[in-house]
Amino acid sequence: MKKIHIFDLDGTLVNSMPYYSRGILQVLDEEDIPYSPDLIEVLTPLGYTKSAQLYQTMGVPGTVEDIVGRIQTILHHEYAHNIGLKPGVGEYLRKLKASGCALYVLTASPHLVTDVCLQHNGVYDLFDQVWSVEDFGMSKSETLIYDEVVRRLGCQKEDICFYDDNLTACTTAVKAGWYTCAVNDGQKEDITAALQAAADEYIATFEAL
């Protein structure tokens, strides 16, 4: 077993993707800006800041800070009160912790929503560190962020097991040399097949672990 386990939040630890998708795309809907059906796959590993930068190029008015603020306002309540853990996640995290593993979060969501979500689900204190991509100024679509995590932890990349439901994040983590577990979150068949091909493992449900 790897001694360091690093988890994505949305779609991996919690059932948040329907909320996240509706919330982050609502900004475009409010501005009547068209977008492709697969845009959410592009946005998911970026984080709010880089998503806001992309939105500017699509015609959303305001500064990056303005756009990020709109997204956060839409989503904060849902993360703080309504979004729950996926089945088996709490038990799996506690089992890893009891076995002496170090647990971390690396998410594209900001601390404003991530921390309250983990707290109201009773698992925040299980993690040695909760990171947002905003803490690095990079996205999970860049191999540099995975290298920087290794540097901050002072470990070897071979010590890490990484869990994510996003194809871009999984593919990039594999390129960075991380052992990667792709997580089922009800993706389309072609995405599921690509995840299974890209990652070292595929997790259909945490209840089975």
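Begin the tour inside this predicted model, where the largest cavity has a volume of about 40 Å³. The structure holds 1 cavity of 30 Å³ or more. To find the largest cavity in the viewer, select D8, D10, Y20, T44, A108 and K140, which line it; sorted by class, the residues of this lining divide into 2 nonpolar, 1 polar and 3 charged.

Next, turn to the largest pocket, in which about 300 Å³ of space lies. If you then colour the helices, you can follow α1 (17-30), α2 (39-43) and α9, each of which supplies at least two residues of the lining of the largest pocket. By class, the lining of the largest pocket divides into 4 nonpolar, 5 polar and 6 charged residues.

Stay with α9 for the last stop, and select helix α8 (residues 167-175) together with helix α9 (residues 189-198), whose axes come within 10 Å and cross at roughly 15°. Angles under 35 degrees count as roughly parallel, and α8 and α9 are therefore roughly parallel to each other. Looking at how the two helices pass, you will find that α8 passes α9 in a left-handed crossing. To see where they touch, show the side chains of L167, C170, T171 and V174 on α8 and of I191, A194, L195 and A198 on α9, the residues that make the contact. This contact of α8 with α9 has 7 nonpolar residues, 1 polar residue and no charged ones.

Conventions: Residues numbered from 1 in each chain as written. Predicted model: local features only at pLDDT ≥ 70, side-chain atom pairs only at ≥ 80, totals over all residues. Heavy atoms only, no water. Axes fitted to C-alpha atoms, helices over the stretch in contact; angles between N-to-C directions. Helix = DSSP H or I, 4+ residues; strand = E, 2+ residues; numbered from the N terminus. Parallel < 35°, antiparallel > 145°, perpendicular 65-115°, else oblique. Left-handed = near helix turned anticlockwise from the far one by under 90°. Contact = heavy atoms within 4.5 Å. Nonpolar A, V, L, I, M, F, W, Y, C, P; charged D, E, K, R; others polar. 1 Å grid on protein atoms, 1.4 Å probe; cavity = no way out; pocket = protein on both sides within 12 Å on 5 of 7 lines; lining within 4 Å. Points joined across faces, edges and corners; volume = space filled by probe spheres on them.
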